[in-house]
Amino acid sequence: MSTETYADWLRARDDDDLRALFEARPELITPVPADMGALAARASAASAVSRALDRLDRLALNVFEALLVLPTPTTYDDLLTAVSAEPATGARIRETVDRLRTLALVWGEDETLRVVPGGRQVIPHPAGLGPSLREAFASYPSDRLAELLDDLGLESVDDIPGRIAVLIEDAGPEARAALDRLTWGPPVGRVDGARRPVSLATAASPIERLLARGLLAATDDRTVTLPREVGLHLRGGRVFAELRTAPPPLDGTARPRSLVDRTAGGQAFTFVRTIEDLLDRWGVAAPGVLRGGGLGIRDLRATATELDVPEWTAALLIEVAYAAGLLARDGDHEGPAGAAWLPGQAYDLWRLRDVERRWTDLANAWLLTDRAPGLAGERDDRDRLINALSDEAVRVSAPQVRRSVLGALGDAERGTAPRAEEIFAYLTWQQPRRGGILRERLVGWTLREAEVLGVTGLGALSGHARALLSGGDAAKALATVLPEPVDHVLIQADLTAVAPGPLVSDLARELALAADVESTGGATVYRFTPQSVRRALDAGRGASELIDLLKRHSTTDLPQPLTYLIEDVARRHGRLRVGVASAYVRCDDPAVLDEILADRRSDQLRLHRLAPTVLASRISRGELLESLRTLGYAPVAESPEGSVVVTRLDARRAETTHGTYEPAHHSQVGVAGPDPSVVTAAVRALRAGENAARATVPSGAPPRSPAMAMVKQLRQAADRGARVWIGYLDQQGQASSRIIEPARVEGGFLTAYDATRAAVQRFALHRITGVAEVDGSS
């Protein structure tokens, strides 16, 4: 088949070639083109070519640019000469050209290589070279171009290449220096009066001498362009100063794999537990939702302080919890309590899973989310603050950058931790068209976030992260390196408890309720205080229950000072009852109320006695509770019925959820290409559409056949897989012709592939007027 055009070349591709094309560029079959002509138009559109070029590495892009520079068509040998490929790199060039053919960015055989038609629109200055002499001088008025050529003694601009060396020498050293600045690109310079008419006799400045000799072309009044032929001459015939056929090396510090995996495992465990701590805290004291959406900067800072982490880590924890569907917005701003950020109902389901499965869910959510936690607390182009959980923190390129960074870490030697600048240089070679300041920042954010998540350990990619990226069982790999949680602490006489390792979930939650974290590290130190014990009692824990818990989990005898502290706080806890008067204070012991009234600090509470055991106040119940606690008492809230109100709620959940939580049994972050069955169906539909466009339909009116003979003929065609021509009446009684491939005849309907419409259709048998064979069917 002739391949004189791009569409003809696509028609000559076999089904395997088309499948490879659609797998690499799935956007070409969304939707499936009607025929090869439509496919050629779509594949050569500037937007489609640009998208495909974005996927190319530096070598493939350089080869594509070289083909844009060379004459059309060109040969493979001329391409090798132009890029100055050494014999050792010839194999890489061969692979690259074949890949460009697979992507349909280059077409033709080795003797007639051409670039896809839309390529020149996407890259206006390939390899840093300007337009050809013909294109550069196309905007010149005919009289001015004639004067230039007469001055040079030439008949056309095509004669300039043979005189370039003489013209450069004649222009002088200053003019040569000006050319050198444009040699390796960009080929455009700025100068005033570029279009002012000049001649060899009147040219004074170096730029004017170059313009008068046709070595530069004036694009407009202030712009000059170096023609491509002049640029190649200055480069000595080379298209590129250096052709790098491989990415820069990923060196770095090498560490034992076992150390990397254990370190990453510890970080993964800590990340899961910190997420739990965050959501448990927010389940009790939920931060509000800003009217513009997102989380307030004060709430972010407060959360960072409570969790003892930097603000950027707190933003990461919050965003990952939200992306995993564990955190949701509850209520609205118009409600009595306002909107708040609360753990979703899915959080309780997630918490029941093993630590390694919980981590896999979080890691998947981080890799797939289009939110950039690193933006939290920064300002946008309009100097507006970017809040965590706000729409302004969305960056659509974030998932792709994360995947690329981890892919680069995976390409490094196992256990090697490349530096950030090496990663960025590596990615720049892999995808040179995807750059910019944001990409560089996303690379840095990805590296630090991966360390906190436990994806990397000491800067190197962990074994369980490799399994996550390759679609393996990451949870199983992580389980082997997770630190073993402990179910005991060492309680000391100075009212501290030392956890020698990560605690089991239930003990960690109870201990965080009854004590304050004093320090973290290899071991976590908790300190018991009257305030922390009262916090546990406020949550409904009893003194004996708390003492029994600590006795069960302490490897040492419970110190007497701690027992005294718990019993003393419990003895005073609840002696006072605060209700609504606006508020009242009730106590069975009148002496305690006398003590309060005698305290000068209670004047601001505006108390007055209603009865020997009751004081009333005009301030709210919440304010009265906090004020009495400040005075050293331990009151509890009382309901209108007189029962104790538990003021610390541990199970508050958002009624609405963000997304749907689904346990991740396997990795969900692999690079998802199009389904192979979809690709095969697209190739089949494209072939059928092409056949339909070229099919010769019998002339005359649509066929007419007896009903029984028609059904028999359709069934035989279905058995043979043959194409037939049918006449069909639509619901309005209009007759039409269809070329179909019958698949099944049953229930009064024919199911067939309609080649004229490239779709599967159902036809009512009573509306089919007749059947005839199509030429070429068998």
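**Rings, helices and a sheet**

Tutor: Start with F763: at 1% relative accessibility, F763 counts as buried. Buried means under 20% relative accessible area, exposed means over 50%, and partly exposed is in between, with a 1.4 Å probe and protein chains only.

Student: What should I know about the model before going on?

Tutor: It is a predicted model, where local features need pLDDT of at least 70, side-chain atom pairs count only at pLDDT 80 or more, and totals for chains, interfaces and linings use all residues. Residues are numbered from 1 along each chain as its sequence is written, and side-chain values use heavy atoms, with hydrogens and water left out.

Student: How many helices and strands?

Tutor: The protein has 32 helices and 26 strands. These are DSSP runs numbered from the N terminus: helices are H or I with at least four residues, strands are E with at least two.

Student: And how much is buried?

Tutor: Of the 778 residues in the protein, 48% are buried. The protein exposes about 36,800 Å², and carbon and sulfur atoms supply 50% of that. Areas come from the Shrake-Rupley method with a 1.4 Å probe; for residues, only the protein chains shown count as cover.

Student: Back to rings. How many aromatic pairs are there?

Tutor: The structure holds 6 aromatic pairs. Rings of Phe, Tyr and Trp (its six-membered ring) pair if their centres lie within 6.5 Å; planes under 30 degrees apart are stacked, over 60 edge-to-face, and the rest tilted. One of the pairs is Y6 with W107, edge-to-face at 6.0 Å centre to centre and 65 degrees between the planes.

Student: Where do Y6 and W107 lie?

Tutor: Y6 is in helix α1 (residues 6-12) and W107 in strand β1 (residues 106-107), so the pair ties together parts 101 residues apart in sequence. Y6 and W107 are both buried.

Student: Why is the pair of Y728 and F763 edge-to-face?

Tutor: Their ring centres are 5.1 Å apart and the planes sit at 80 degrees, so the pair is edge-to-face. Y728 belongs to strand β22 (residues 724-729) and F763 to strand β25 (residues 759-764), so this pair links parts 35 residues apart in sequence. Y728 counts as buried too, at 11% relative accessibility.

Student: Which rings form a cluster?

Tutor: Y6, W9 and W107, linked by ring pairs.

Student: New topic. How do α19 and α20 cross?

Tutor: The axes of helix α19 (residues 355-368) and helix α20 (residues 398-411) come within 7 Å and cross at roughly 115 degrees. Axes are lines fitted to C-alpha atoms, for helices over the stretch in contact, and angles run from 0 to 180 degrees between N-to-C directions.

Student: Which residues meet there?

Tutor: From α19, W366, L367 and L368; from α20, P399, R402 and L406. Contact means heavy atoms within 4.5 Å.

Student: What about the sheet with β3?

Tutor: It is an open sheet of 3 strands, ordered β3-β5-β4, with antiparallel pairing. β3 (188-190) and β4 (217-220) are the edge strands, each pairing on one side only. Two strands pair if DSSP finds at least two bridges between them. β4 and β5 (residues 223-225) pair over 3 bridges, and A218 has V224 in β5 as its bridge partner.

Student: Last one: is A175 buried or exposed?

Tutor: A175 is buried, with a relative accessible area of 0%. A175 lies in helix α12 (residues 173-183). Leaving aside neighbours within four places in sequence, A175 is in contact with P206, R209 and L210.
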